[in-house]
Amino acid sequence: MADPAPSDFTDPAFLAAREAAMRAMPAPPDAPPWRPPSYADALRISEKITSDYRELHRPDSMDVKPSEVCAALQQGGVKNWVLMGLHGYVGYMSDPRATQDVDVLVPYSQKKKAVKAILQRWPTLIVGEMEFVVRFRDPDDLDEKDQPKVVIDLMLPWGKLHEFVLQNHVLVDPKSGHQIPSFEAALACKYAPMVSPYRQFERKAQDAADFRKMIKFHNGVVDRDMLRQLGNMVWENGGEEILSFVDLAMTDKQFPL
């Protein structure tokens, strides 16, 4: 009679048995990642994925593109801003993916001007002001709870990290003209939600996957002193931990989340 399956699926014996069973099967091919030649090309692919989805499945929704948000801010005279979230980091990743909302970080001094610039471009968006974000929703695109979906988050600094990024880690992409975070700043801004107790679990998993892709894309080459400084702005021991995450990513090991 076969032994019963263990109740603890983290048990080393169970994991070893699973490993042996899976290795006994034929291995399916694993396609290598496609690396975009530039940030602008990566963003163009990400935009197209989202636009195609909206055209096919959400035909009444607004197709708000990150490039259009950047143009609106520039035309509105907003000087100090940086494209955040996936659209700010996508050039640091292999295999560009997509997301529907656009995140932009601005200082408090630019908040009113940025809100005005966005509403001039998309006057029918629903505006909701929160403590650290001004949220713009599409009234014609409802989520599973029949609530208008967020299409733009105008983020405001809520700690030392974001203030430091705005002041010291904004780069201008030469091809697109977009203002994006430096590689080290992008990693730190991915690390922060990964270790936050307020982040949803499934979103932490996506953050972790993105962090790994960014590190692998750069073959682990990073300014470790700068990354340590940025990590310590997330929390007091974050500098050493984020460096350990870089090493874990390069050795294909799990993050302690």
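Modeller: This is a predicted model. In strand β2, residues 102–105, Val102 and Val104 point one way, and Asp103 and Leu105 point the other way.

Biologist: What makes β1 and β2 a pair?

Modeller: At least two bridges are required. Strand β1, residues 82–84, and β2 have three bridges, in the antiparallel sense, so they count as paired. In β2, Leu105 is the bridge partner of Val82.

Biologist: How do you know that β2 also pairs with β5?

Modeller: The requirement is again at least two bridges. Within β5, Ile152 is the bridge partner of Val102.

Biologist: What is the strand order in the open sheet, and why are β1 and β3 said to stand at the edges?

Modeller: Five strands form the sheet in the order β1-β2-β5-β4-β3, with mixed pairing. β1 and β3 (126–129) each have a single partner strand, so one side of each has no neighbour in the sheet. From one strand to the next, the twist averages 30°.

Biologist: Why is Asp153 called buried?

Modeller: Asp153 is found in strand β5. Buried means under 20% relative accessible area; Asp153 has 8%, so the label applies.

Biologist: Which residues does Asp153 touch, leaving out those up to four places away in sequence?

Modeller: Asp153 touches Asp101, Val102, Asp103, Val104, Val133, Val134 and Arg135. Val104 is 49 residues from Asp153 along the chain, yet their C-alpha atoms are separated by 6.4 Å.

Biologist: What makes the pairing of the Asp153 and Arg135 side chains a polar contact?

Modeller: The N or O atoms must be within 3.5 Å, with one able to donate a hydrogen and the other to accept it.

Biologist: Which residues of helix α9 are buried, and why are they placed on the same side?

Modeller: In α9, residues 224–234, the buried residues are Leu227, Leu230, Gly231 and Met233. They cover an arc of only 150° around the axis, which puts them on the same side of α9. These buried residues pack against α6 (160–168), α7 (183–194) and α10 (238–250).

Biologist: What caps the N-terminal end of α9?

Modeller: Asp223 does: one of its side-chain oxygens lies 3.3 Å from the backbone nitrogen of Asp225.

Biologist: What do the totals say about the whole protein?

Modeller: There are ten helices and seven strands. Of the 257 residues, 43% count as buried. Among contacts with a separation of 6 or more, residues 24 or more positions apart account for 63%. The C-alpha trace spans about 70 × 45 × 35 Å along its principal axes. The protein exposes about 14500 Å², and carbon and sulfur atoms supply 54% of that area.

Technical notes:
Residues numbered from 1 in each chain as written. Predicted model: local features only at pLDDT ≥ 70, side-chain atom pairs only at ≥ 80, totals over all residues. Heavy atoms only, no water. Buried < 20%, exposed > 50% of the residue type's maximum accessible area, 1.4 Å probe, protein only. Helix = DSSP H or I, 4+ residues; strand = E, 2+ residues; numbered from the N terminus. Contact = heavy atoms within 4.5 Å. Arc of directions from axis to C-beta. Areas by Shrake-Rupley, 256 points an atom, 1.4 Å probe, with all protein chains shown as cover. Axes fitted to C-alpha atoms, helices over the stretch in contact; angles between N-to-C directions.
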